[in-house]
Amino acid sequence: MATARLAPGVALVTVPGQGLAVRTPDGEFLRVDTGTAAPDAVVERLTRGHGSPGDTGAQVPAQGSASVGVGPSAPGTPDAPDGELQRLAAAFDSAGYLAHEGDGTRGPLAGRTVAVLGDDVLTEPLTRFVRAEGGEVRRAKRLTDLPDEQSPDVVVWCLDSRVPQGLWDEADRLPADGTGWLRCHREGTTAWLEPLAAAPGDVTSADVRLRRLAATPAHRELAAYWAGSCTDDTGPAHTAASAALTACLLTADLIAWAVGRGGARRLRRVDLRDLTVDEHTVLPVPAVAPLTR
């Protein structure tokens with residue numbers, strides 16, 4: 001019989017004068033109707049693990065309910081304390097609050113292939129974080145290094161410099177082929193993290209550039225800077241701390257995309273001097289017909 005224990009992030013709380021409550025991984029507190037079972041016995045059962053809960057007629061709490069209850073006894077089930085504990089364990093199991101010995105751990109990026117391109121100071125921590133979340137990482141120098149027959153689910157390109165003109169033009173076409181596209185780069189003391197594009201019509205790097213040019217009165221100067229009409233960048237380059245923060249934010253974007261919570265159209269800026277982060281909504285630029293005379 002498999003051992004069952006509280007799932008990661010779930011805690012039992014003994015509330016003075018109120019009995020037992022469960023804190024869910026999301027931070028919600030639910031009261032537990034322990035029936036005739038003593039709260040201490042419930043804690044003992046669910047924290048020490050005394051076998052599989054089984055199917056004993058436990059009442060399954062509705063999503064978002066305020067309690068974990070015990071339903072009527074199943075036919076032939078005695079109302080002894082052990083039967084009550086068994087039904088409580090089954091209720092916790094049905095609600096997803098129990099983990100079982102031998103359960104495999106699958107991170108949110110399990111089954112996803114992430115191609116990582118760019119500068120080592122950023123790609124190395126990002127690679128570690130993606131693998132820690134269950135993703136498979138492929139390192140490459142260029143998009144052409146990735147075999148067509150093994151297309152990744154998403155491409156992440158990280159630069160510790162400004163983006164050379166035209167470098168990301170080909171990658172901007174990835175979402176149209178069903179491949180996710182995430183990127184970041186640095187301009188002076190600012191790291192720019194652009195939103196993940198996963199489908200046609202999502203925000204690309206070209207959209208971000210047009211929006212940034214439209215938002216500044218120094219658009220001619222900014223365009224010349226991007227084109228390389230400037231002196232060499234003297235830094236400061238990413239530190240270990242700023243690179244780790246940037247990689248964490250990118251990993252969070254990948255996780256949100258993988259679990260279906262993607263689509264946030266936000267352009268984030270990381271100040272490398274004090275590691276503050278701010279964000280701004282950015283929208284795709286509609287295609288327009290060419291001018292005719």
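## Salt bridge between E136 and R138

In this predicted model, E136 and R138 form a salt bridge (a side-chain nitrogen of Lys or Arg within 4 Å of a carboxyl oxygen of Asp or Glu), with their closest N and O atoms 3.8 Å apart. E136 counts as partly exposed because its relative accessibility is 44%, whereas R138, at 19%, counts as buried; buried means under 20% relative accessible area, exposed over 50%, and partly exposed in between, with a 1.4 Å probe and protein chains only.

Local features need pLDDT of at least 70 and side-chain atom pairs count only at pLDDT 80 or more, while totals for chains, interfaces and linings use all residues. Residues are numbered from 1 along each chain as its sequence is written, and side-chain values use heavy atoms, with hydrogens and water left out.

The structure holds 13 salt bridges, among them one between the side chains of R266 and E279, at 3.8 Å from N to O. This pair links distant parts of the chain, as R266 lies in strand β12 (residues 266-271) and E279 in strand β13 (residues 277-281), 13 residues apart; strands are DSSP runs of E with at least two residues, numbered from the N terminus. R266 is partly exposed at 26% relative accessibility, and E279 is partly exposed at 46%.

D278 forms a salt bridge with R269, the closest N and O atoms being 3.0 Å apart; D278 is partly exposed, with 32% relative accessibility, and R269 is partly exposed, with a relative accessible area of 32%. Salt bridges that share partners also join D253, R266, R268 and E279 into one network.

Definitions and conventions: Helix = DSSP H or I, 4+ residues; strand = E, 2+ residues; numbered from the N terminus.
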